[in-house]
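I opened my notebook to look up how this protein is put together. Here is what I am reading from, and my entries follow below.

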Amino acid sequence: MSGGNGYLSPSGQEIVFILTGLVILGAAVLCVTSRQLVHAALWLVVALGGLAVQYLLLTAEFVAWVQVLIYLGSVVVLLLFGLMLTRAPIGPSPDADSRNRPVALVVSLASAATLVTLVVDAFRTAWIDLETPHGTSDQIGDSLFRVWVLPFEALSVLLLAALVGAIVLSRRRGNGQGNGGS
């Protein structure tokens with residue numbers, strides 16, 4: 001972040017940024033360690049909402065609203081509909097725990113250490129000037145609809161296919177197993 005204050009006297013914005021980052025980290029950990037699918041989806045909502053706050057703190061309002069509209073408004077709702085349509089268990093699910101937590105912990109810590117090392121090394125001398133906003137809506141829209149339109153459309157088709165698949169699976173279970181519960 002910017003500042004001129006240095007590392008020993010952070011501004012209020014930097015403190016909020018760090019606190020929001022800690023909330024996001026906690027929500028992400030709870031999302032992947034939760035044994036209840038619905039709770040995991042709700043922790044994902046907290047993590048994605050926190051990312052929108054981070055974008056607002058970095059003066060990227062357009063990206064923050066895209067985060068809220070696309071991820072919180074669409075992806076998470078689609079995920080929750082998928083959970084409901086496939087009749088996923090509401091309470092604790094024994095299938096949600098693969099008993100590989102130590103291996104997952106080692107892999108995640110190694111991945112996080114590698115990512116932090118790469119980002120710190122790449123952006124060691126880069127500072128974001130928060131006084132002047134970077135990237136107007138025109139520039140972002142131009143980049144988005146020229147360069148990234150195909151990946152966004154592919155993602156929307158993938159999400160639609162996932163929803164249709166959830167409906168098909170719920171219909172098969174309902175017809176083939178009598179009561180449809182698992």
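**Entry 1: words I need.** I call a residue buried when its relative accessible area is under 20%, exposed when it is over 50%, and partly exposed in between, using a 1.4 Å probe and protein chains only. My helices (H or I, at least four residues) and strands (E, at least two) are DSSP runs, numbered from the N terminus.

**Entry 2: what kind of model.** I noted that this is a predicted model, where local features need pLDDT of at least 70, side-chain atom pairs count only at pLDDT 80 or more, and totals for chains, interfaces and linings use all residues. Residues are numbered from 1 along each chain as its sequence is written, and side-chain values use heavy atoms, with hydrogens and water left out.

**Entry 3: the overview.** I found six helices and zero strands in the protein. Reading from the N terminus, I wrote the elements down as α-α-α-α-α-α. Of the 182 residues in the protein, 18% are buried. I then looked at contacts, meaning heavy atoms within 4.5 Å. Among contacts between residues at least 6 apart in sequence, 69% join residues at least 24 apart.

**Entry 4: helix 1.** Helix 1 covers residues 12-33, which is 22 residues. Its first and last C-alpha atoms are 32 Å apart, close to the 32 Å expected at 1.5 Å a residue. The expected span is 1.5 Å times one less than the number of residues.

Which residues of helix 1 are buried? I listed Glu 14, Thr 20, Ile 24, Ala 27 and Cys 31. They cover an arc of only 145° around the axis, so they sit on the same side of helix 1. That arc is taken from the directions from the helix axis to the C-beta atoms. A reminder to myself: an α-helix has 3.6 residues a turn, so residues three or four places apart point the same way. The buried residues of helix 1 pack against helix 2. On the face turned away from the buried side, I found the exposed residues Ile 18, Leu 22 and Leu 25.

**Entry 5: helix 2.** The 21 residues of helix 2 should span 30 Å at 1.5 Å a residue, and the end C-alpha atoms are 30 Å apart, which agrees. Its buried residues are Ala 40, Ala 41, Ala 47, Leu 48, Gly 50, Ala 52, Gln 54 and Leu 57. What do the buried residues of helix 2 pack against? I found that they pack against helix 1 and helix 3.

**Entry 6: helix 2 with helix 3.** Two packed helices are described by the angle between their axes and the distance between the axes. For helix 2 (residues 37-57) and helix 3 (residues 61-85), I noted an angle of about 175° and axes 8 Å apart. The axes are lines fitted to C-alpha atoms, for helices over the stretch in contact, and angles run from 0 to 180 degrees between N-to-C directions. Helix 2 and helix 3 are therefore roughly antiparallel. The angle words work like this: under 35 degrees is roughly parallel, over 145 roughly antiparallel, 65 to 115 roughly perpendicular, and the rest oblique.

Helix 2 brings residues including Leu 37, Leu 44 and Tyr 55 to the contact, and helix 3 brings residues including Glu 61, Gln 67 and Leu 83. By class, the contact has 19 nonpolar, two polar and one charged residues. Here Ala, Val, Leu, Ile, Met, Phe, Trp, Tyr, Cys and Pro count as nonpolar, Asp, Glu, Lys and Arg as charged, and the others, Gly among them, as polar.

**Entry 7: a closer look at Gln 67.** Gln 67 is in helix 3. Is Gln 67 buried or exposed? With 6% relative accessibility, Gln 67 counts as buried. Leaving out residues up to four places away in sequence, Gln 67 touches Leu 48, Leu 51, Ala 52, Tyr 55 and Leu 72.

**Entry 8: Thr 59.** Thr 59 is in the loop between helix 2 and helix 3. Most residues other than glycine have a negative phi. Thr 59 is not a glycine, yet its phi is positive, about 55°. Thr 59 is buried, with a relative accessible area of 17%.
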